[in-house]
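Reader: Hi! Could you walk me through this one before I set up my own work on it?

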Amino acid sequence: LRSYGLTNYSLNFDEYTQTVISASADSQKRLMFEAAYASQPVLDYLFSSLSIKLFGATAFAARLFPFIWGVAAMLLFSVFVLVLTKNRLATFFSALLIACHPQLILYSQIARPYSLSVFLLLLFLLNIFWVLHKRYTQQSRVSLFIATSLYLLSIGFQPVCTLITLIGFLL
């Protein structure tokens, strides 16, 4: 369901702008500056640039990574439900609902940072769950730090509260 329509529609204005910036930046530093200047997530622009270098400036290239992150978020959500409930039936039906939800399918088909942010948010929450309920080791601290850092890069550095939460967990 999520792969259907990746190339059926032309790029909208936001997708086109991101594609042009990602394709025309002469360096990663310039790309990061352009993304930050446009108040857009840096990490999404980096992945968009990689996809455009691999497949050219096409709708498919612009929408490839959002599709991948949308599918990965769906799988990570299933893992999260299984860890929380330890019930395979609940996990199956949760995954089915996520897989068939029209808005969640839509965000996986447009070249915007939504699917990456959702994936990294779920990764961040799963790491917090593991730190709180399983073990609080050096490895879990590093994993939580990486998940949080990537999450912050995926949403444009806005959430100071996420950073404060991270510092609280690491202390």
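Reader: Thanks! To start, how many helices and strands are there in the chain?
Author: The chain has 9 helices and 0 strands. Keep in mind that this is a predicted model. Read from the N terminus, the elements go α-α-α-α-α-α-α-α-α.

Reader: What percentage of the residues count as buried?
Author: Of the chain's 171 residues, 43% count as buried. As for the surface, the chain exposes about 9,800 Å², with carbon and sulfur atoms supplying 70% of that.

Reader: And what share of the contacts with a separation of 6 or more is between residues 24 or more positions apart?
Author: Those pairs make up 70% of such contacts in the chain.

Reader: OK, on to the inside. Which residues have the most contacts inside the largest nonpolar core?
Author: They are Trp-69, Ala-73, Leu-76, Leu-116, Phe-119 and Leu-120, in a core of 15 residues. Helix H4 (59-85) and helix H7 (114-133) are the elements that give two or more residues to this core. There is also a second, separate core of 5 residues, which includes Ile-21, Leu-31, Ala-35 and Tyr-45.

Reader: Nice. I'm curious about Ser-115: buried or exposed?
Author: Ser-115 is buried, because its relative accessibility is 0%, and the cut-off for buried is under 20%. Ser-115 sits in helix H7.

Reader: Which backbone oxygen lies 2.8 Å from a polar atom of its side chain?
Author: That is the backbone oxygen of Pro-66. Leaving out residues up to four places away in sequence, Ser-115 touches Pro-66, Trp-69, Gly-70 and Tyr-107. Trp-69 is also among the residues with the most contacts inside the largest nonpolar core.

Reader: How about Thr-91, where is its place?
Author: Thr-91 belongs to helix H5, residues 88-100. Thr-91 is buried too, with a relative accessible area of 11%. A polar atom of the Thr-91 side chain lies 2.9 Å from the backbone oxygen of Asn-87. Not counting residues up to four places away in sequence, Thr-91 touches Ser-78, Val-81, Leu-82 and Thr-85.

Conventions:
Residues are numbered from 1 along each chain as its sequence is written. This is a predicted model: local features need pLDDT of at least 70, side-chain atom pairs count only at pLDDT 80 or more; totals for chains, interfaces and linings use all residues. Side-chain values use heavy atoms; hydrogens and water are left out. A nonpolar core is a set of buried Ala, Val, Leu, Ile, Met, Phe, Trp, Tyr and Cys residues joined through side-chain atoms within 4.5 Å. Buried means under 20% relative accessible area, exposed over 50%, partly exposed in between (1.4 Å probe, protein chains only). Helices (H or I, at least four residues) and strands (E, at least two) are DSSP runs, numbered from the N terminus. A polar contact is a pair of N or O atoms within 3.5 Å; within protein, one must be able to donate a hydrogen and the other to accept it, and residues adjacent in sequence count only if both atoms are side-chain atoms. Contact means heavy atoms within 4.5 Å. Accessible areas come from the Shrake-Rupley method with a 1.4 Å probe; for residues, only the protein chains shown count as cover.
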